[in-house]
Amino acid sequence: MCVAVPMKIKRIKDDKGVVEIGGTERGVSFKLLRDVQVGDYVIVHAGFAIQKLDEKEALETLKLFKELEQYS
Amino acid sequence: MKYIDEFRNKEAARTIINSIRRETGEKQITFMEVCGTHTMSIARFGIQEVLPKNIRLISGPGCPVCVTPNHYIDHAVALSRREDVIITTFGDMMKVPGSSSSLEKEHIKGNDIRVVGSTLEALHIAEKNSKKNVVFLGVGFETTVPTVAASLMQAQSEKLNNYSVLSAHKTMPEAMKALSQGDVNIDIFICPGHVSTITGTKFYYSLVEEFGIGCVVSGFELLDILQSILMGVKQVVQNDLKVENQYTRAVKAEGNPRALETIYEVMEPSDAVWRGLGVIPDSGLAIKEEYSSWNTEKRINVDIEDTVEPKGCICGQILQGKKIPPQCKHFGTDCVPDNPIGACMVSSEGACAAYFKYKVQ
Amino acid sequence: MADSDQNIIRLAHGGGGSLTNQLIKDLFLRYFDNEYLKKLNDSAILQSSFSQFAFTTDSFVVSPLFFPGGDIGKLSVCGTVNDLCVSGAKPLYLSIGLIIEEGFSIKELERIVKSIKDTAQEAGVLVVTGDTKVVEHGKADGVFINTTGVGAIEKSIPVTGSRAQSGDKVIISGPIGSHGMSVITSRENFGFHSRIKSDVAPLNGLVNTMLEITEEIHVMRDATRGGVATVLNEIADQSGVSIVLDEEKIPVNEDVRGACEILGFDPLYTANEGVLVACVGAEDAEELVKAMQKHPYGKKSSIAGSVKDDSPGRLSLKTTIGSHRVLDMQTGEQLPRIC
């Protein structure tokens with residue numbers, strides 16, 4: 001039920017900001033997510049940032065896909 | 001696009017698919033996903049087709065639009081007919097059929113109904129139209145609820161007294177429990193990744209313990225879903241049912257505490273009617289007394305027509321995964337996306353719409 | 001809307017009297033300076049040595065009127081020029097019918113008229129006749145435009161929708177979905193900060209390039225409302241064939257993909273105004289695409305699919321993992337969704 005997109009933070013001021021994906025920018029609210037900064041990637045749903053994306057975990061997940069190749 | 005493209009890599013996909021084939025063997029395994037966006041992603045990437053035949057993917061009631069009862073639509077329709085009301089809604093609701101009309105039909109008649117992408121836009125409309133009552137149709141699960149709750153907090157703090165929400169919000173845990181006790185034999189739940197970014201993963205443990213159903217919290221990209229299926233297969237084959245988080249880059253065990261606080265600042269659990277499933281206790285969210293000035297139900301009176309359920313519509317059974325769309329006598333003939341009878345056909349993620357659109361071969 | 005009375009369109013501008021004449025002389029004749037329009041007769045009298053003509057009409061109601069990459073004026077010329085050239089015709093003459101809302105800024109009207117002129121010039125067509133009506137405030141969303149065009153059929157290449165054959169290759173001439181997403185990101189709601197550029201362009205130059213390479217172009221259509229998926233469905237239906245698209249070969253710009261992800265849209269069903277699709281004989285496809293890629297409006301041309309004879313009328317997509325999904329005719333417009 002959740003069209004939510006990973007977007008990069010371009011600007012933040014208080015609890016509002018601008019995020020970007022593929023070059024398209026959109027205004028977003030950070031009311032539900034503090035402790036983020038410009039350059040971070042966040043999941044955006046219905047105009048709100050709802051969670052920060054953990055790059056380390058993302059790389060781990062991608063690594064897991066690669067590891068499967070050894071067994072195939 | 002970062003965090004999207006690398007999770008759609010086709011070589012990696014083939015590798016995972018081969019692993020799935022190898023691990024599954026002959027075992028019959030049934031997965032249920034309960035998130036409409038998962039339904040759509042599975043159909044869009046064509047995942048069922050590449051899986052071995054003994055893996056079955058069924059759709060549960062994960063589409064908040066589909067499980068919204070006729071009565072709610074009728075209520076929204078009645079509100080829209082008032083001259084002093086502007087209805088603001090996510091696009092998903094526009095075509096859902098009520099007992100005798102739909103928001104789209106009312107819009108065509110000239111009633112003021114506006115599609116928004118966020119409650120922030122609805123607040124903006126309320127600011128610009130101080131003489132009108134702006135009603136936001138609050139539909140959606142835990143991913144969406146915090147955004148609606150935040151809008152109510154903002155309306156209260158800014159004394160934006162012409163804004164209100166008509167809540168039909170629902171929560172996943174009780175629904176998943178109900179499904180676990182139902183007739184359909186589920187081996188693994190593919191758990192909703194974005195709901196989980198808010199709620200965290202604690203709840204799913206009770207599904208494993210009480211009902212013996214394994215849980216994999218899954219992301220939405222091609223590789224996420226494939227990996228989640230592989231993880232689920234391994235759980236079943238190794239007889240090691242547990243809660244696993246595939247979507248670690250976005251889901252933390254504790255979820256998003258701030259978002260959860262926001263929800264429960266404004267709302268509280270209530271019983272809710274799920275189309276096709278009936279009343280599930282504590283599965284809905286109602287606006288608290290302190291916020292009743294911004295609760296459409298408490299603020300605006302309208303006469304709502306008597307609810308009429310469409311004859312022969314088996315949305316309820318489809319929502320529970322008991323039947324598949326082609327088994328409905330209306331499917332594809334008098335129930336089509338252009339002219340839907342039941343909500344499963346309307347919502348872009350409804351099982352019937354996904355089936356119809358992508359015509360699973 | 002402008003402030004003083006002098007700068008806005010009034011009902012009298014459409015009344016046929018002195019204000020209308022003033023508008024024609026001060027604005028239209030200034031930009032459309034050709035022998036036909038100058039005569040200011042009720043009809044333009046045209047002559048040609050061609051015996052077969054293509055004739056088409058289109059109306060334009062886009063909102064907002066101005067968007068990155070174009071405006072309603074440019075759109076109104078390209079829409080009709082493209083319908084003519086994909087029919088195998090050389091676009092020659094256009095008529096312009098304007099329905100303007102009372103109170104509309106004359107300065108903005110001039111911007112639109114200049115745009116029509118510039119685009120007509122690029123396409124090599126003449127605006128030979130026109131009409132202006134003014135309606136009350138609130139009845140026209142700024143301005144509505146109708147253009148009707150005439151083109152001459154030079155080569156006798158029938159490029160109707162019913163000639164796609166099994167074995168043909170499907171070519172898409174450029175990145176899809178740009179126009180639709182440009183318009184939607186330009187609307188005040190939805191909170192977009194950046195604007196995607198529309199692909200609106202006159203394609204007759206590109207079509208000429210194609211026709212010089214081969215005459216084995218069985219179908220050519222410009223993909224407008226409803227996107228590439230809609231027009232290919234129509235072709236599959238008219239020709240009684242099935243078409244399979246290869247997801248990896250469909251050109252889409254990053255910014256369009258991003259905006260589509262945000263709103264839950266599918267680029268395949270999103271409007272274009274500068275993209276054509278063609279079904280061509282397999283032996284010519286490679287050479288054709290290479291030539292198209294040399295043209296400014298065909299740089300991202302791609303062989304994106306093939307025509308088969310099983311399941312007539314069906315359009316499907318082969319995904320990156322090799323599975324297939326059917327691309328049905330869209331039911332109504334795409335709406336931004338959260339689910």
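**Figure 1. In this predicted model, chain B is divided into domain 1 (70-171 + 255-299) and domain 2 (315-358).** The centres of domain 1 of chain B and domain 2 of chain B, taken over C-alpha atoms, are separated by 25 Å. Where the two parts meet, seven residues of domain 1 of chain B are in contact with 11 residues of domain 2 of chain B. The side of domain 1 of chain B that touches domain 2 of chain B consists, by class, of three nonpolar, one polar and three charged residues.

**Figure 2. Chain B as a whole contains 16 helices and 11 strands.** Along the principal axes, the C-alpha atoms of chain B fill a box of roughly 65 × 45 × 40 Å. A compact globule of 361 residues would have a radius of gyration near 21 Å, and chain B, with 21 Å, agrees with this. Of the 361 residues in chain B, 60% are buried. Contacts between residues at least 6 apart in sequence may also be considered: in chain B, 77% of these join residues at least 24 apart.

**Figure 3. Chain A and chain B meet in a contact that takes 32 residues from chain A and 41 residues from chain B.** Four elements of chain A, namely β1 (4-13), β4 (41-45), β5 (48-52) and α1 (55-71), each supply at least two residues of the side that touches chain B. The element that gives the most to this side is α1(A), with nine residues. Sorted by class, the side of chain A that touches chain B has 19 nonpolar, seven polar and six charged residues.

**Figure 4. The domain assignment of chain C gives domain 1 (5-153) and domain 2 (169-326).** Taken over C-alpha atoms, the centres of domain 1 of chain C and domain 2 of chain C are 28 Å apart. The contact between them involves 20 residues of domain 1 of chain C and 21 residues of domain 2 of chain C. On the side of domain 1 of chain C that touches domain 2 of chain C, α3 (72-85) and α4 (106-123) of chain C each supply at least two residues. Of the elements on this side, α3(C) gives the most, with nine residues. The classes represented on this side of domain 1 of chain C are 12 nonpolar, five polar and three charged residues.

**Figure 5. An open sheet of four strands in chain C has the order β1-β6-β4-β5, with mixed pairing.** The edges are held by β1 (53-60) and β5 (126-135) of chain C; each has a single partner strand, so one side of each is left without a neighbour in the sheet. Neighbouring strands of this sheet are turned against each other by 15° on average, direction ignored. Strands of a sheet pair through backbone hydrogen bonds, either parallel or antiparallel. The pairings can be followed across the sheet in turn. β1(C) and strand β6 (residues 143-153) of chain C run antiparallel and are joined by eight bridges. C:Phe53 has C:Ala152 in β6(C) as its bridge partner. Between β4(C) and β6(C), 11 bridges form a pairing in the antiparallel sense. C:Ile96 has its bridge partner, C:Thr147, in β6(C). Strand β4 (residues 89-101) of chain C pairs with β5(C) in the parallel sense, over nine bridges. Opposite C:Ile99 stands C:Lys133 in β5(C).

Figure 6. The strands β8(C) and β10 (residues 276-280) of chain C run antiparallel and are joined by five bridges. C:Arg221 has C:Val277 in β10(C) as its bridge partner.

Technical notes:
Residues numbered from 1 in each chain as written. Chains lettered and ligands numbered in written order. Predicted model: local features only at pLDDT ≥ 70, side-chain atom pairs only at ≥ 80, totals over all residues. Domains from an automatic or database assignment. Nonpolar A, V, L, I, M, F, W, Y, C, P; charged D, E, K, R; others polar. Pairing = 2+ DSSP bridges. Axes fitted to C-alpha atoms, helices over the stretch in contact; angles between N-to-C directions. Rg over C-alpha atoms; globule rule 2.2 N^0.38 Å. Buried ≥ 20, exposed ≤ 12 C-beta atoms within 10 Å, placed from the backbone.
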